[in-house]
Amino acid sequence: MEGELVELSMYRNAIRLLLESRSPRIIQNDTVSFAKIIVEEVIRSANEAVYIYSTRLDEAAWGAPGVLAAISVAMDKGVE
């Protein structure tokens, strides 16, 4: 369990770095946990709008508490 938390924390930090550097890299993920982190961090870092293109975004990612909190903050900032 602790190893998984460390892995998720490292993944979150890597996603944040990619977003901060505005990297053009396509972000791959293998799990719903990784998808939740990507969605949350993309929404959290948005200033104007968020567009997510996916063929298989798991519905569980949208209802995660962190994602819902990020959506609320984004809406307060006027993000579309």
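Of the 80 residues of the chain, 24% are classed as buried in this structure, which is a predicted model. The secondary structure amounts to four helices and zero strands, and the elements follow one another along the sequence in the pattern α-α-α-α. The radius of gyration of the chain is 12 Å, close to the 12 Å given by the globule rule for 80 residues, so the chain is as compact as a globular protein of that length. Taken along the principal axes, the C-alpha atoms fill a box of roughly 35 × 25 × 25 Å. Among the contacts with a separation of 6 or more, 61% are accounted for by residues 24 or more positions apart.

The helix H1 covers residues 2-20. Its 19 residues should span 27 Å at 1.5 Å a residue, and this agrees with the 27 Å that separates its end C-alpha atoms. Leu-8, Tyr-11, Ile-15 and Leu-18 are the buried residues of H1; because they cover an arc of only 85° around the axis, they are placed on the same side of the helix. In general, an α-helix has 3.6 residues a turn, so residues three or four places apart point the same way. The other side of H1 carries the exposed residues Glu-2, Gly-3, Leu-5, Met-10, Leu-17 and Glu-20, whereas the buried residues of H1 pack against H2. Just after H1, Arg-22 adopts a positive phi of about 55°.

A search of the whole structure for aromatic pairs returns one. This pair is formed by Tyr-11 and Phe-34, which are stacked, with a distance of 3.8 Å from centre to centre and an angle of 10° between the planes. Tyr-11 lies in helix H1 and Phe-34 in helix H2, 23 residues apart, and the pair thus links distant parts of the chain. Both Tyr-11 and Phe-34 are buried.

The helix H4 comprises 13 residues and reaches 19 Å from its first C-alpha to its last, which is close to the 18 Å expected at 1.5 Å a residue. Within H4, the residues Val-67, Ala-70 and Ala-74 are buried, and, seen down the axis, the buried residues of this helix fall within an arc of 60°, so they line one face of H4. Exposed residues on the other side of H4 are Pro-65, Met-75 and Asp-76. The buried residues of H4 pack against H2 and against helix H3, which covers residues 59-62. H4 is followed by Gly-78, for which phi is positive and near 85°.

In soluble globular proteins, nonpolar side chains tend to be buried together. In the present model, the largest nonpolar core consists of eight residues, namely Val-39, Ile-43, Ala-46, Ala-64, Val-67, Ala-70, Ala-74 and Val-79. Helix H2 (32-45) and helix H4 (65-77) are the elements that give two or more residues to this core, and the largest share, three residues, comes from H4. A second, separate core has six residues, including Tyr-11, Phe-34, Ile-37 and Ile-38. Among the members of the largest core, Ala-70 touches Glu-40, Ile-43 and Arg-44 when residues up to four places away in sequence are not counted.

Note on methods. Residues numbered from 1 in each chain as written. Predicted model: local features only at pLDDT ≥ 70, side-chain atom pairs only at ≥ 80, totals over all residues. Heavy atoms only, no water. Core = buried A, V, L, I, M, F, W, Y, C linked by side-chain atoms within 4.5 Å. Buried < 20%, exposed > 50% of the residue type's maximum accessible area, 1.4 Å probe, protein only. Contact = heavy atoms within 4.5 Å. Phe/Tyr/Trp six-rings, centres within 6.5 Å; stacked < 30°, edge-to-face > 60°. Expected span 1.5 Å × (residues − 1). Arc of directions from axis to C-beta. Rg over C-alpha atoms; globule rule 2.2 N^0.38 Å.
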